[in-house]
Each structure stands twice: as C-alpha cells, then as structure tokens.
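Keep the structure open while reading.

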Amino acid sequence: FYIDIPDQKSFNEKISRLKNIVHPAILKVFGYTIKDSYPLIITEFMKHKSLKDFFNRQLNKYKSSSWNDTKKYITAIGIAHGIQFLHSQEKVHKNLRPSKILFDVDYYPHISLLDILIDPEERNGNDLIYFAPELLDDPEAYSKASDIYAFSMIVFQLLKGKPPFDNPKTIINNVRLQNYPDISSFSDEMQDFFQSCWDF
C-alpha cells in the first residue's frame, strides 16, 4: 500500500507500537523502510508460511509428516498464549484467522499483528467462519470475546481437519442464529471448552 508524507507520522507511531509488542507467539516487527513511497515492513523470518496453507493442504488430502497431532496442539497452545498476552495488555487482535498464524523453522506459531498498520482484509467466503455474530451486524464491535470466538473456530479446524461449516453460503445464517458446529464427537472437556468460547 502507498504511504505519503502526511501519513508517515501516524505510520511511525503504529510501527513503534508493534516493535514494543514482544512475545514468543507474536510475530516480531523490527521496523520498515520506504521504497518508491511504499513501506517495506521488516519482520522475523517465517519459513513455513501460514496456518491457512496447512488447512488448504488438509482439504486437498495432502499429508505431511511435518504436520502431525503434536504440531497441531503446539499451534493451538501457542495461539492461546499469544492472544492471552494481547488481552493482558488490553489489546484486541480484531482479525484473527488462519492466514494470520505464521510458522517459523521449527513450526512454532507466530500471530501477525500487521493489520494494525492497514485495514483488515475484506471479508469473504470461508473467512467469515472466524467472525463472531456481533461483527456481522457491526464491523466495529471488536472485543476480546470476538478474538476468543475466532480462536475456537481455528482450534475446531485444527482438531477436526475440516472447516466448522461445510457450506460457505450458509455461514452467515448459521453464525447469526448461533447454530454452532457439531462438537458431539469431542470429549466432554473439549465440548466445555468450545461452549465456554462461544458463551464468552
């Protein structure tokens, strides 16, 4: 995206905020440089792309020895710690989804906060899975609760190996009516976890 001189002060402030957010499960931002009026943001290197890529591979029946149950649990715990840290700092992610979860060389997850710098991505298709009911009616109603809701849908897909809702065309109605995914195949403890996230 383009940045002009009047915007640069605000951009500098946002970059400074990101540089001050330090946590093992948060993508580290080091700074930026300007090239032809476009900012190049410098972050730590993430070798293994995003959680969205792993989900796409699962849907295409692509199996990888590097993506096993242990990695899935590490991913879920890492995201939980990252979000807990943000909330303890009275910050809200606002746009938590698989494309914001990036993996380093050891497959540890790092949450990207770069949406602080630019407008969140357009909502479409399966990405609506991760938006809490209140966000469908009021796009600015972000809260800790909406982060928790998004986290629960990510965990569901991690453990189940498929999206919480099968038909993208019915996602909005299902979410608005609170017709949540079927969790009957999970243990009682996991059912309580999902229910607590949706009732948060």
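Contact here means heavy atoms within 4.5 Å. The model is predicted. With that cut-off, Ile-79 touches Leu-51, Leu-96, Ile-101, Pro-109, Ile-111, Phe-151 and Ile-154, leaving aside residues up to four places away in sequence.

**Nonpolar core**
- The largest nonpolar core holds 47 residues.
- Ile-79 is among the members that touch the most others, along with Leu-51, Leu-96, Ile-111, Met-153 and Trp-198.
- Helix α5, residues 144-160, supplies the largest share of this core, with 9 residues.
- In soluble globular proteins, nonpolar side chains tend to be buried together.

**Helix α5**
- From first C-alpha to last, the 17 residues of α5 reach 24 Å, close to the 24 Å expected at 1.5 Å a residue.
- Buried means under 20% relative accessible area. Of the 17 residues of α5, 13 are buried, so the helix is largely enclosed by the rest of the structure.
- Ser-143 caps the N-terminal end: one of its side-chain oxygens lies 3.2 Å from the backbone nitrogen of Ala-145.
- After α5 comes Gly-161, with a positive phi near 80°.

**Aromatic rings**
- Ring centres within 6.5 Å make a pair, and the count comes to 13 aromatic pairs.
- Trp-67 and Phe-103 have ring centres 5.8 Å apart and planes at 75°, so they pair edge-to-face.
- Trp-67 sits in the loop between α2 (51-59) and α3 (69-88), while Phe-103 belongs to strand β3 (residues 101-103), so the pair ties together parts 36 residues apart in sequence.
- Both partners count as buried: Trp-67 has 10% relative accessibility, and Phe-103 has 0%.
- One aromatic cluster is formed by Tyr-149, Phe-151, Phe-156, Tyr-180, Phe-186, Phe-193, Phe-194 and Trp-198.

**Charges over rings**
- The charged end of Lys-160 sits over the ring of Phe-186, 5.3 Å from its centre.
- Arg-57 lies over the face of Phe-54, at 5.2 Å from the ring centre.

- Tyr-107 has a positive phi, near 65°, and is not a glycine. Its place is the loop between β3 and β4 (109-111). At 14% relative accessibility, Tyr-107 counts as buried.
- Gln-178 also has a positive phi, near 55°. Gln-178 is in the loop between α6 (171-176) and α7 (188-198). With a relative accessible area of 48%, Gln-178 is partly exposed.

Note on methods: Residues are numbered from 1 along each chain as its sequence is written. This is a predicted model: local features need pLDDT of at least 70, side-chain atom pairs count only at pLDDT 80 or more; totals for chains, interfaces and linings use all residues. Side-chain values use heavy atoms; hydrogens and water are left out. A nonpolar core is a set of buried Ala, Val, Leu, Ile, Met, Phe, Trp, Tyr and Cys residues joined through side-chain atoms within 4.5 Å. Buried means under 20% relative accessible area, exposed over 50%, partly exposed in between (1.4 Å probe, protein chains only). Helices (H or I, at least four residues) and strands (E, at least two) are DSSP runs, numbered from the N terminus. The expected span of a helix is 1.5 Å times one less than its number of residues. A polar contact is a pair of N or O atoms within 3.5 Å; within protein, one must be able to donate a hydrogen and the other to accept it, and residues adjacent in sequence count only if both atoms are side-chain atoms. Rings of Phe, Tyr and Trp (its six-membered ring) pair if their centres lie within 6.5 Å; planes under 30 degrees apart count as stacked, over 60 as edge-to-face and the rest as tilted. A charge sits over a ring if NZ of Lys or CZ of Arg is within 6 Å of the ring centre and within 35 degrees of the ring normal.
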